[in-house]
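These are my notebook entries on one protein chain.

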Amino acid sequence: MSTSILACCKPKSTDDRVSKLKKEIEQIESKCPKKDNHKSVHRILLLHFNGYVKDNFVIDERIVTCIKTIGKLTGMITVNSRPGTCFLQKIRRLKNEAGESTGRAVFTFTTVYHVFGVEDDEVYKLVSEWEELDVKVILFYENMKDFYNGKRCPRLKDFRLLDTDKEEEIKNDWCAIECEVDCRQVCKIDGKIKNMVDTLESYLEDYKTKQKEIYDLIQNKTISTDNLVVIVGHPHGRPKHVSVGQHYPSLKDEPKKVRSSQLWCRYYYDAPTCRGNSGSPVFIPGQPIAGFGFWFGHQHNHKRNVPSDTSDVQDAAKYEIARTVNHDIKYLGMSSIGVEQC
Ligand SMILES: [Zn+2]
């Protein structure tokens, strides 16, 4: 009798927990209306990503290196256990009044606010109900077997809402959240024990440098990208995937210009996305992100798909225009509003 009680109370092994997680994800995926996305060659596990998509679609190796860095800065966000994606945009080391280090740092992530279960016009709800949300971010989740390994996939919590970008007449859906971390925290990254804050800081610097290099290479026509768009995220809570496709410049929304130097805009693209991709960084090689290197820049995060079975005339028109470029387009994704230099 006591043996059976012990057996029932014995904590599950990590393997058991991982296979349970896998089954849960498969169950959710079986209900997804976009099942063809799951096997699409345009969606690749980050661990396997080398730039080859198919015979006539190979991504320049400099862009591939940059995407891998973006991957390191991409986290899975869970809100009351529902998965979404976020991007680490900034790290600030805290100092006391004497200017000495306090041993703490603040991480700022961007995402979209519908991952918190609120709609476009409900930002007030996000602000007023923030305390009730259980928000966590899991870093370096690239392999399902590592999901429950806190050394490989550290979990961050105690987030606060930093900023939303609500503006009259513009459907925005972008927000920034922050949490504090201990600067001494270590984790196992690429098989080596490393200091988490130092390592992420170096990835951020690397990302800024590469983003600029790619911008210059595209400006001087050394690289041509054919409107490439890359989205890194956690579809259905799976380990990090890279979704690639093209964006449609003729559909780009430009709702506002600020001081004739900043352009608020939104991109539309055909890279395959599912639930869980919301909030993913949307990387458009060569994009002049405003504020980059000064403040954290206001880049685009994946928002959602444009409904294809809609009576909305504007949405239907978007599909019509996209079909003139890609006859087989099934789903058209849209980003949150981001800010470009113009
Ligand atoms: Zn799906």
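**Entry 1: overall fold.** I looked up contacts between residues at least 6 apart in sequence and found that 67% join residues at least 24 apart; two residues are in contact if their C-beta atoms, placed from the backbone, lie within 7 Å. I note that the model is predicted, that local features need pLDDT of at least 70 and side-chain atom pairs pLDDT 80 or more, and that totals for chains, interfaces and linings use all residues. Residues are numbered from 1 along each chain as its sequence is written.

I recorded 7 helices and 21 strands for the chain, taken as DSSP runs numbered from the N terminus (helices H or I, at least four residues; strands E, at least two). The C-alpha trace spans about 70 × 55 × 45 Å along its principal axes.

**Entry 2: burial and core.** I found that 35% of the 342 residues are buried. A residue is buried with 20 or more other C-beta atoms within 10 Å of its own, exposed with 12 or fewer, and partly exposed in between, the C-beta atoms being placed from the backbone. The largest nonpolar core holds 61 residues, of which Ile67, Val229 and Val230 touch the most other members; such a core is a set of buried Ala, Val, Leu, Ile, Met, Phe, Trp, Tyr and Cys residues joined through C-beta atoms within 7 Å. Leaving aside neighbours within four places in sequence, I listed Phe49, Val230, Val232, Val242 and Phe283 as the contacts of Ile67.

**Entry 3: Val64.** I located Val64 in helix H4 (residues 61-72). Val64 counts as partly exposed because it has 16 C-beta neighbours inside 10 Å. Beyond four places in sequence, its contacts are Asn50, Gly51 and Ile59.

**Entry 4: H4 against H6.** The axes of H4 and helix H6 (residues 196-219) come within 9 Å and cross at roughly 150 degrees. The two helices are therefore roughly antiparallel, the term for angles over 145 degrees. Among the H4 residues that meet H6 I noted Arg62, Ile63 and Cys66; the H6 side includes Tyr203, Tyr207 and Leu217.

**Entry 5: positive phi.** Which phi does Asn80 have? I read a positive value of about 45 degrees, although Asn80 is not a glycine. Asn80 is in the loop between strand S4 (74-79) and strand S5 (82-95), and is exposed, with 11 other C-beta atoms within 10 Å. Lys221 also has a positive phi, near 65 degrees, and sits in the loop between H6 and strand S13 (228-233). With 7 C-beta neighbours inside 10 Å, Lys221 counts as exposed.

How values were computed. Axes are lines fitted to C-alpha atoms, for helices over the stretch in contact, and angles run from 0 to 180 degrees between N-to-C directions. Angles under 35 degrees count as roughly parallel, over 145 as roughly antiparallel, 65 to 115 as roughly perpendicular and the rest as oblique.
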